[in-house]
Amino acid sequence: MRRLGGVEDEEKWLAEGIAGIQHNAFFMHRALDANNLREVLKYSALMLSELRTSKLSPQRYYDLYMRAFDHLRQLEIFFKDESRHGLPVVDLYELVQHAGNILPRMYLLCTVGSVYIKSKQAPSKDVLKDLVEMCRGVQHPIRGLFLRSYLAQVSRDKLHEIGSDYEGDANTVMDAVEFVLQNFTEMNKLWVRIQHQGPGTVREKEEKERNELRDLVGKNLHVLGQIEGVHLEMYKETVLPRVLEQVVNCKDELAQYYLMECIIQVFPDEYHLQTLETLLAACTQLMPTVDTKIVLTQLMDRLSNYAASSPDVLHEFLQVEAFAKLNNAIGKVIDTQLEMPIVGAMTLFVSLLTFTLRVHPDRLDYVDQVLGACVVNLSSVPKLEDARAMKQVVALLSAPLEKYNDIVTALTLSNYPRVMDHLDDGTNKVMAMLIIQSIIKNNSCISTADKVEVLFELIKGLIKDLDGNATEELDEEDFQEEQNSVARLINMLDNEEPEEMLKIIRVVRKHLMTGGTRRLPFTIPPLVFSALRLVRQLESQSEDITGEDVPATPRKIFQILNQTIEVLSSVPRPELALRLYLQCAEAASDCDLEPVSYEFFTQAFILYEEEIADSKEQVTAIHLIVGTLQRINVFGVENKDTLTHKATGYSARLLKKPDQCRAVYACSHLFWVDDLDGIKDGERALLCLRRALRIANAAQQMANATRGSSGPVTLFVEILNKYIYFYEKGNPHITPSDIQSLIELINTEMRSDNNGNTRTHSDPFFSSTLHYIRFQKQKGGLIGDKYDLIKL
């Protein structure tokens, strides 16, 4: 047993060992220079005796070993040159066996054995067999491991393999495999025994030291993987069973994990595929404490990459039924390792799904089967709390989206939403955003109501508050980004069949109505415009049909829209609801549905009267109402008069005089519409302008009273432009004298203020207007003659 000591003690012992090696190496090299074989053997044995120490940790023993190894290379060169020492290699091989201690004896034997094999005076397999057997004499774990590592190193280029200097028939390749397997077996036993060398109080330290030595054992498997001539049959019948026998029987967690990792890394992918059942069976026999998920994950990742390397290999996966075997093995591992955390199981499912999508992209049933197994595993956990497990579930759900670039395919997977149900609210939203981003990126079109239903179930975390949790804590910018993404999604739902599109609208509306007051202002507008798109497709269908099973009609869609916008007006977002009512009114007009259009206008006016109190919002609303009413030509005289009267009345009652003025002169366009079918009531248009002019005068007087000056003449200039517009369009009630009078009024206002002081500046807007009149005069013809009547 290695003596226990501190770091300082080990440093001292290492220094003593290195000093001993250097001292004896000096005399050995002097003997080498003198070609004195007797002295060479004496001092080389003394030098190698320093490796008999039991006081050093593996790391420091390695430092000592490398010092000796450097000198052994010089010794091998000496042994190779028979002219220097005068002994045949056969006699030299016998001579070094008389060394007093077994450890120096075995190092010398391995060194001379290397020369012996190179001389080809004896079969390589016999010498190697002899050496590997005699190395059993060193049973101390650390000393034995380094000795066998030295044997593996000096024999690597002397194995019987195809292409080597010692190449023979197939049996000689088998001899090389047998030698490496035997050396591997003994080294693994020594490695496992290290854990029993110290008391239980230092077990953790022992495990760390064992981990540092693992590469010495693993090198044998690397050699096996590189031997030329090890064909699939030999690997399947001899190599893999022998290696796995050691792995399973050693009953050691560290050894089993590392060696399985080595097997997966060093042997070819096609060999793994053809021996998949054997490999997976070994995985299920490992110790319960072995992290089997990493082993299986690495195996599936290698097989996935192999499948992706060439389409020509995919048939091999089908022949061996790789998916079924992997799926079955993962199930067994999860069942037997009861303490495996959720994240471990999810990692396995992610790797299996990645494998499935690469090897069997056309088998959606396989994909759904993996998701179903994930659901079963999560059944005991209503909501995941482990962040690492949730990250794996997101990776699991993202894989089909990335593979198929089409959410429609994912919507056919029955277990997809069931997996999402186990995510917490935050992660559910992240996954929902990934789904929407996939749809937008790939320009996917969701064209059936059933698929829309499934889709909105998947993204419900963005549409409503899950588990009654409010959204107030969410950052406003993030919240807006989420809702804008939902709005973009709604615009991508489409179907050329009106009946199916109406079903889609109803499904979307059903989900959106659960969104709460914060979400509706973002999600209702795209739904309304999506429905209006459908209305425009159906402009020719104006019959009044009701019922659930009849074809879609504009009237039926407008009923849905009226109910939808009514919800929005109570949010409250009355200004947004008013805009949508006006959009619907215009669409109803295009469909010649006068009562429907009138009803939407009525709702807009009610909102204006009862809900919109802010003066700025009132101004905006009035201009929207007037602009929409101007474009609509479906109304009869009575309805038209009622609505225009309301609009002009509201305009005149605005809070600020300038706002009143602008709204009133805008109403003039309600009485003179410049198209073939438009109304042309020039007298009422003129009345609006004169009323606006009176309001502008009142505004100027208020400015005189409050500021002592009349202020800018912008309102007068704006009204002048309206006069010019209607005059040019042929309104007979607008005369050149009206325009001239208004120009003189503006000039008067600009020349002096309330105190009779002369102004020096001019109004650019007014100057541009006069320039326009002069330009029209210069045109000649009818236009020129018309403008010549205006005297500037």
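**Helix packing and cysteines**

In helix α1, residues V7, E10, E11, L14, G17, I18, I21, Q22, A25, M28, H29 and L32 meet R60, D63, L64, R67, A68, H71, Q74, L75 and F78 of α3, where contact means heavy atoms within 4.5 Å. By class, this contact has 11 nonpolar, five polar and five charged residues; Ala, Val, Leu, Ile, Met, Phe, Trp, Tyr, Cys and Pro count as nonpolar, Asp, Glu, Lys and Arg as charged, and the others, Gly among them, as polar.

This is a predicted model: local features need pLDDT of at least 70 and side-chain atom pairs pLDDT 80 or more, while totals for chains, interfaces and linings use all residues. Numbering runs from 1 along each chain as its sequence is written, and side-chain values use heavy atoms, without hydrogens or water.

Next, α27. Its buried residues (under 20% relative accessible area, 1.4 Å probe, protein chains only) are F479, E482, Q483, S485, V486, A487, L489 and I490. They pack against α24 (425-441), α25 (449-458), α26 (460-463), α28 (498-512) and α29 (520-537).

Now the cysteines. C250 is buried, at 16% relative accessible area. For C661, the closest cysteine sulfur is in C667, 11 Å away, which is too far for a bond. C661 is buried too, with a relative accessible area of 0%.

Terms used: Buried < 20%, exposed > 50% of the residue type's maximum accessible area, 1.4 Å probe, protein only. Helix = DSSP H or I, 4+ residues; strand = E, 2+ residues; numbered from the N terminus. Disulfide = S-S within 2.5 Å.
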